[in-house]
Amino acid sequence: MHQVNSHHGFQMDLVNSIDTPFYYYDMALLDRTIEEIKRHTAGTEYIVHYAVKANGNPHILKTIAQHGLGADLVSGQEIKAAIEAGFNADKLSFSGVGKTDSEIRLGLEQGIACFNVESVPELMVINDLARHMGTVAHIAIRVNPDIDAHTHRYITTGTASNKFGIGIDDLDQAIDMAAKMENIDLTGLHFHIGSQITSMQPFAMLCDTVNRLTEHYRQRGITFRVINVGGGLGIDYSMPDERPIADFKSYFDTFKRGLKVNGNQQIHFELGRAIVANCGSLISRVTFVKENRSKKFVILDAGMTDLIRPALYGAHHKIQNLTAAPEAAVETYDVVGPVCESSDVFEHDCSLPVTRRGDLMAIRSAGAYGESMASCYNMRRLPGCAFARDKQL
Ligand code: LLP
């Protein structure tokens, strides 16, 4: 075993204390990130719901709940996890195109603040179930605003060709129906245009669409208590140390400038990635370094089962060697996992200090859609987790 230096701000005693691969969470950074959100939303009617799908680790959820954020949920299991973590039911919203009857019943039993309804058939089912349960469902209609967020095609959600929401042409009919239903309380409109959006322009376009629609409905005598603009703010995957916190100022300023808010209307946000991505790193040990005629490979004990983003989206995550001396010579490697799939590659042609068997590696910015998308393919164990600067553990 090589001497282990403290590198890149990681607590190396913690890194060395558990079996790899595991997720290392910088809880102080999570706190600072949320404080930044609070700073930019103070004194406004903005309410941020954390999109639990980004990371449902119970300790992360508990920490976010303690900060007073709400939660955006997409399954019955997420509803249960959020309640267990201490989120208040009046700050829970439930999204998704395929909510099952039992998930809807669970949401109604728990008295969640809002169902984000994605279709007319769903609206009818929620109304029926609420009537049977003798209750009223608070809902927002999810609008597909046909805005291209110019992000990866798998994570663009607001264009007319994908499955999400109700198209603007069909909106009048859905709103009129919802407004008349006895067991439905129509609170507002919901939007979500995509994820990992780093230009403010799509969000500015979204503001224009929202303004147009709220004016259209105001003229028809319908006003909304809530406008939910979804999530999607991106982070800087290339500079996790230099820019660990997303550009919340530009993001919230875009809405402050762009949205025409009426009276006591609340604006809801559903941020996932921007809250948790940079506080998580996947820590892995080098199993082998192998060379063939044209390439050198670093083979990790972490694979696509632990972090699927590079294999699924071609996503780039910064990779660091936490063990090598800073002055070590640099070498070019393909960094790969052990899974029996050619796509199990974290990065091609990655520049790293000369790397050896047993070295510890950090795959950065993996706190969002990392642990939550892990699988057991190849009968692998799910990755573990460790929490840095957290006195309670
Ligand atoms: N609200 C709704 C309705 C959503 O569908 C999503 C994400 C969010 C909020 C949160 O978006 P965020 O703020 O995290 O961008 N697995 C992909 C990302 C999929 C995002 C799905 N929806 C990835 O690893 O990039």
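Which residue has a backbone N or O atom that lies 2.8 Å from an oxygen atom of the ligand? Select Arg273: the backbone atom in question belongs to this residue.

This is a predicted model, in which local features need pLDDT of at least 70 and side-chain atom pairs count only at pLDDT 80 or more, while totals for chains, interfaces and linings use all residues. Residues are numbered from 1 along each chain as its sequence is written, and side-chain values use heavy atoms, without hydrogens and water.

Next, select the side chain of Arg309, where an N or O atom is 2.6 Å from a ligand oxygen. The ligand taken alone exposes 590 Å², and the protein buries 92% of that (Shrake-Rupley method, 1.4 Å probe). Then select His192, whose side chain has an N or O atom 3.5 Å from a ligand nitrogen.

Finally, go to the largest cavity, with a volume of about 30 Å³ (on a 1 Å grid over the protein atoms alone, a set of points where a 1.4 Å probe fits but cannot get out; lining residues have an atom within 4 Å of a point; grid points are joined across faces, edges and corners, and the volume is the space filled by probe spheres set on the points). Its lining includes Leu29, Pro244, Arg273 and Cys279.

Terms used. Polar contact = N/O pair within 3.5 Å; in protein donor to acceptor, adjacent residues only side chain to side chain. 1 Å grid on protein atoms, 1.4 Å probe; cavity = no way out; pocket = protein on both sides within 12 Å on 5 of 7 lines; lining within 4 Å.
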